[in-house]
Amino acid sequence: MRSCALLAIVPLLLPLTALSDPSNLPQLKAYEAPPAWLIPVAPLRISDNVWHIGTASLTVLLVKTKDGVVLVDGGMPQQAELTLNNIKRLGMNLTDVRYILHSHAHIDHAGPLAAVRKATGATLVSNAESAMLLQRGGSADLHFADTLTFAPAHADRLVQDGESIELGGMTFTVHFTPGHTPGSMSWTWTDTLYGKPLRIAYVDSLSAPGYTLADNPRYPRLIEAFRNSFATIRSLPCDLLLTPHAEGSGWNYADSAVPHPAPMTCSAYADAAERNLDQQLAQQSANP
């Protein structure tokens, strides 16, 4: 009996021994972001109670209310310390942060959410689709597999489409805008600019970089999801548009003026995304 057990084990040991040579397996390669994603900028006041506290290209918003702070998105994993320092730079304590909202669960927007949540004790708000991806740290992504992973983050509160988060007299309403990811979310709220009401729309990314659009086995209704999201975005209350990637809505946080000299409308943002989608569909149809 014992000899039979050894004979069963030996064939398993041989391949493992062969793999002891590190040249048999490729080294892991870290994800490298475009330079503008990693250039810190000084906090930029967007409206009376909203500041951008991220980098030149990646949006991280701080919204101050009379009962505490709401953060929206986080940027790359390396941005955790920048975000925390900018909260204090604006005269607030880390414990003032009550909620963390986000757009979608990719490394360039959700990267530091676990660290920021831990440092502030804030409630991380997500939806069911994104919460699963956050929990996996971005692994098993429908389009990027395991190439864009980050520290797993636990969502404390799950919201439904159209649900609102309220803090200090401000109401943040979520609008599900799937396409870029199944759990993509956009947020709207009303602030003021120089004392006058300003309806802010923080609208998620609408790109499909490298995605298989038609007959995608992991996302069979992807095109329909994008079309519905375009319609949703066109109907948002939208005096001022902000997007996770600043350039997507015409911003450059390293060289921006407030109010924005040439603001993009939500409708124009959706129209441009739909044109890009149609072009990408045509290219994939021509080169199946």
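Predicted model: local features only at pLDDT ≥ 70, side-chain atom pairs only at ≥ 80, totals over all residues.
Let me begin just after helix α4, where Gly 121 takes a positive phi of about 75 degrees.

Now to the helix itself. α4 covers residues 113–120, and its buried residues are Leu 113, Ala 114, Val 116 and Thr 120. Viewed down the axis of α4, these buried residues fall within an arc of 165 degrees, so they line one face of the helix.

I turn next to the aromatic residues. A pair of aromatic rings is described by the distance of the centres and the angle of the planes. With centres required to lie within 6.5 Å, the count comes to four aromatic pairs. One of them joins Phe 144 and Tyr 211 in an edge-to-face arrangement, at 6.0 Å centre to centre and with 65 degrees between the planes. Phe 144 sits in the loop between α5 (128–135) and β7 (157–158), and Tyr 211 in the loop between β11 (196–202) and α6 (222–234), so this pair ties together parts that are 67 residues apart in sequence. Is Tyr 211 buried or exposed? Tyr 211 is buried, its relative accessible area being 1%.

Another pair is formed by Trp 251 and Tyr 253; here the arrangement is tilted, with 5.8 Å centre to centre and 35 degrees between the planes. Trp 251 is buried, with a relative accessible area of 4%, and Tyr 253, at 4% relative accessibility, also counts as buried.

Conventions:
Residues numbered from 1 in each chain as written. Heavy atoms only, no water. Phe/Tyr/Trp six-rings, centres within 6.5 Å; stacked < 30°, edge-to-face > 60°. Helix = DSSP H or I, 4+ residues; strand = E, 2+ residues; numbered from the N terminus. Buried < 20%, exposed > 50% of the residue type's maximum accessible area, 1.4 Å probe, protein only. Arc of directions from axis to C-beta.
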